[in-house]
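Student: Please take a close look at a single part of this model, and then connect it to the rest. Keep it plain, and give me the cut-offs as you go.

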Amino acid sequence: MFRHLPLMLKNSWRNRRRTILTILSIGVSLCLLGFLMAIYHAFYLSKPDQYSALRMVARNRVSLAVPLPQYYGERIKQLPGVREVSVNQWFGGIYIDEKHLFAQIATEPSKIFLIRPEISIPAEQKKAFIGERTACIAGRALAEKYNWHVGDRITLKGTFFPVDLELTLRGIYDAPIADDVLYFDQEYIEQGLPADQRGFIGTFDILANSTDDVPRVEKAVDDMFRNSPYQTKTETESAFALSFVAFLGNVKFFLLSICAALTFTILLVSGNTVAMSVRERVREVGVLKTLGFTRGTILGIILGEAVMVCLVGGILGVGLASLLVLLARKGAIFLQQLQHLTIVLPVAAMCIGIAAMVGLVSAFVPAYNASRISIVEALRSED
Amino acid sequence: MAIPLTYNFRNLIVRKTTTIMTAFGVALTVAVLLAVLAMVGGLKSALEATGDPLHVLVLRKGANSELVSNFSREGFQDIKFKAGVARGKSGEPLASLELVTVINLVSVDAPDGINLSVRGLSPVGIEMRKDLTLVSGRWFDTGKREVVIGESIAKRFPDAQLGKKLHFGTGDWEVVGLMSAGQSATNSEIFADLNQLSSDYRRSDVLSSTLLEATDSVAADALVKNLDSDQRLNVDAILEKDYYNKQTSSALPIESLGILVSVIMAVGSAFAAMNTMYAAVARRSKEIGTLRVLGFSRGSILASFFTESVLLAALGGLIGIVLVLPLSGATTGIGNFSTFSETSFKLRVTPGIMLTGLAFAVALGAAGGLLPAWNAARKEVLAALRQV
């Protein structure tokens, strides 16, 4: 088979324009396919990192928009397998104006570094943050975006909390994920609220002792509050993040149907090209047969050429998709999974695999027909 | 002189396999675009159909949605008698104090449940919503744990049916009626008695918002200004129409992803169309030579091949439209981040959307056909005739 590689190369390069157009067409479609598969992979197939795998989120069973009593935290902490619990309150305040959206999370400063050990911050900044009620820390990406420096004042206007915050930036942290979040002390919100609205928070972050404890703790928390007026729903951090995706609609179905449409389009494009080039070369097939090429070899040569062209398209597609992914990262504020979207190896392999398969499938019928044609008929062909 | 169109039609028919394959590539591209547009269009028309131009929605200052707003009964008394508020049949001002909260209902395709808005209101609130009609059953009685649900909820959630019970707040609520509000977002809401709902959620004095009806549109604008500038009240007033129009932004993620996908697919399909047209030009070299000998100019050759490419793509566009037509009318829902609940709407493949799809296909065919047509027009007569 590989003996005929030079012939396949020559053949594919004979109609340069067509080959290039086919490669471009397949490449562009596969770039999209790779991009969508990367999103799918990030949402549904990727494993959480070692820190995230130990974390759970407990929220009100009804909705994220309905709060939980703060004293639940103490009770969750006492469950076996729980190492630490901290409140997590989305503030949703307005910085400058409504277009400047970023995550502002009220937490317990003394606990956040235990629960999120992947956060690294200089020791004196950490101390300053824990010691001061109006202090806040920001992720490096966020601080760079707004050109904040330690000591800056940050004013957030409350939306669903009737409280405006005057925060002082006491530290800038680095973290592998979620490095665009502003953390501050939940007590600060609490003090600004009227007495009858105090004592409620959005969610709890729960840190388990080990990954084995995670499913047990999830169940134990929900069981504990089953008969209370505020039932909980506890799930892993990644499942919690996915619930936001689910909120946008049936994203899974959306992604899969577009992927299917794309694969089918590529199949059509490639099939069309192969059919065109085989049709033009029927006479040549006759010549090859006269020279003693067997039916199998001819089939192999035509299939090989199609697969080769598709593979080049596939590689181009993966390359383009890696660029597209960089763009997508910038647009992802709320979806943590997309902030570090990459074309991982399985996705790239899948893309190239699909390309090869498309080449094979699309070329099979024209190649088979060409290989079966009789010499006399082939030589007489006028095309 | 122009080459007759039948020449192009016949050519497309002669090479039917290639024509169909290329057209299908275009069709899938168009179908993806149209499906997304039908979704976004459906959501927009649902939200735009909501809200009466005379209605003014009053929220706590700083709150950007009803869900996060707090409104006390005392504040309600203060604004109820403002100038410009219309009077109802009984002479009472048309002002409705309302409580909006979110519940979670389990559905067939979402076992974890989907959030829906529940609105507590008094009879005057129902009187004010003029396009609201009762499809079956009756309105809830005051002081009872009864709800009336929007039509599209009943369609999508097996649990939410007349006579069944929904569990939320501190107990079960009986579904006593089914309401319809045309295309509007109210179809995705559940209505209940204000006092019963607020005591269930222990929010007897912390309600959400007030809806006012102005006597005319001038009064509505004046009312908005008057309320906004009143420092003592500390409220934000907005025309109900504007409030719902702002929520169309929740379709933005799907819309932008969908448009990105269709544009990239279009680039791929344009290359494929180009391929097909180049092959057509190459095969018909002799024909082109003959046409030139017959006296057709380079310009008419260019126009003819260009037209053929556009026709090919338009055929694809038509197939694409046929592919998405079955989607029209299907009910679906999308999460709305300002209400933290689901807005259901019908996908709408409107004539406008179909035209957009066709125009998209034609543009794609034009992009793919220009270079091959140029190539055909440039052929020298003798060389073209001699080519095999």
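Tutor: Both faces of strand E4 of chain A are covered: A:Ala103, A:Ile105 and A:Thr107 on one side are buried, and so are A:Gln104 and A:Ala106 on the other. Buried means under 20% relative accessible area, exposed means over 50%, and partly exposed lies in between (1.4 Å probe, protein chains only). Helices (H or I, at least four residues) and strands (E, at least two) are DSSP runs, numbered from the N terminus. This is a predicted model, in which local features need pLDDT of at least 70 and side-chain atom pairs count only at pLDDT 80 or more, while totals for chains, interfaces and linings use all residues. Residues are numbered from 1 along each chain as its sequence is written, chains are lettered from A and ligands numbered from 1 in the order in which they are written, and side-chain values use heavy atoms, with hydrogens and water left out.

E4(A) spans residues 103-107, and five of its five residues are buried. Strand E3 (residues 82-90) of chain A pairs with E4(A) in the antiparallel sense, over two bridges; two strands pair if DSSP finds at least two bridges between them. Here A:Gln89 stands opposite A:Ala106. E4(A) also runs parallel to strand E8 (residues 181-185) of chain A, to which five bridges join it. In that pairing A:Ala103 has A:Val181 as its bridge partner.

Next, the charged pairs. A salt bridge is a side-chain nitrogen of Lys or Arg within 4 Å of a carboxyl oxygen of Asp or Glu, and by this rule the count over all chains comes to 34. In chain A, A:Glu284 and A:Arg14 form one, their closest N and O atoms 2.7 Å apart. This pair links distant parts of the chain, since A:Glu284 lies in helix H11 (residues 282-290) and A:Arg14 in helix H1 (residues 5-14), 270 residues apart. A:Glu284 counts as partly exposed at 31% relative accessibility, and A:Arg14 counts as partly exposed at 46%.

In chain B, B:Glu98 of strand E2 takes part in two such pairs. Its salt bridge with B:Arg119 has closest N and O atoms 2.7 Å apart, and the pair links strand E2 to strand E3 of chain B, 21 residues apart. B:Glu98 counts as buried because its relative accessibility is 1%, and B:Arg119 is buried at 2%. B:Glu98 also meets B:Arg129 in a salt bridge (3.0 Å, N to O). B:Arg129 lies in the loop between helix H4 (123-128) and strand E4 (133-137) of chain B, so this pair ties together parts that are 31 residues apart in sequence. Both B:Arg129 and B:Glu98 are buried. Back in chain A, salt bridges that share partners join A:Arg55, A:Arg116, A:Glu118, A:Asp205 and A:Glu237 into one network.

Now the interface. Contact means heavy atoms within 4.5 Å, and 47 residues of chain B are in contact with 48 residues of chain A. The two chains bury about 4,100 Å² between them, 70% of it on carbon and sulfur atoms; buried area is the accessible area (1.4 Å probe) that two parts lose on being put together, summed over both. The count of salt bridges between chain B and chain A is zero. Four residue pairs across the interface, both at pLDDT 80 or more, are in polar contact. A polar contact is a pair of N or O atoms within 3.5 Å; within protein, one must be able to donate a hydrogen and the other to accept it, and residues adjacent in sequence count only if both atoms are side-chain atoms. Among the elements that each supply at least two residues to the side of chain B that touches chain A are helix H2 (16-48), strand E2 (95-107) and helix H9 (252-283). H9(B) gives the most, with 17 residues. That side of chain B divides into 27 nonpolar, 16 polar and four charged residues, where Ala, Val, Leu, Ile, Met, Phe, Trp, Tyr, Cys and Pro count as nonpolar, Asp, Glu, Lys and Arg as charged, and the others, Gly among them, as polar.
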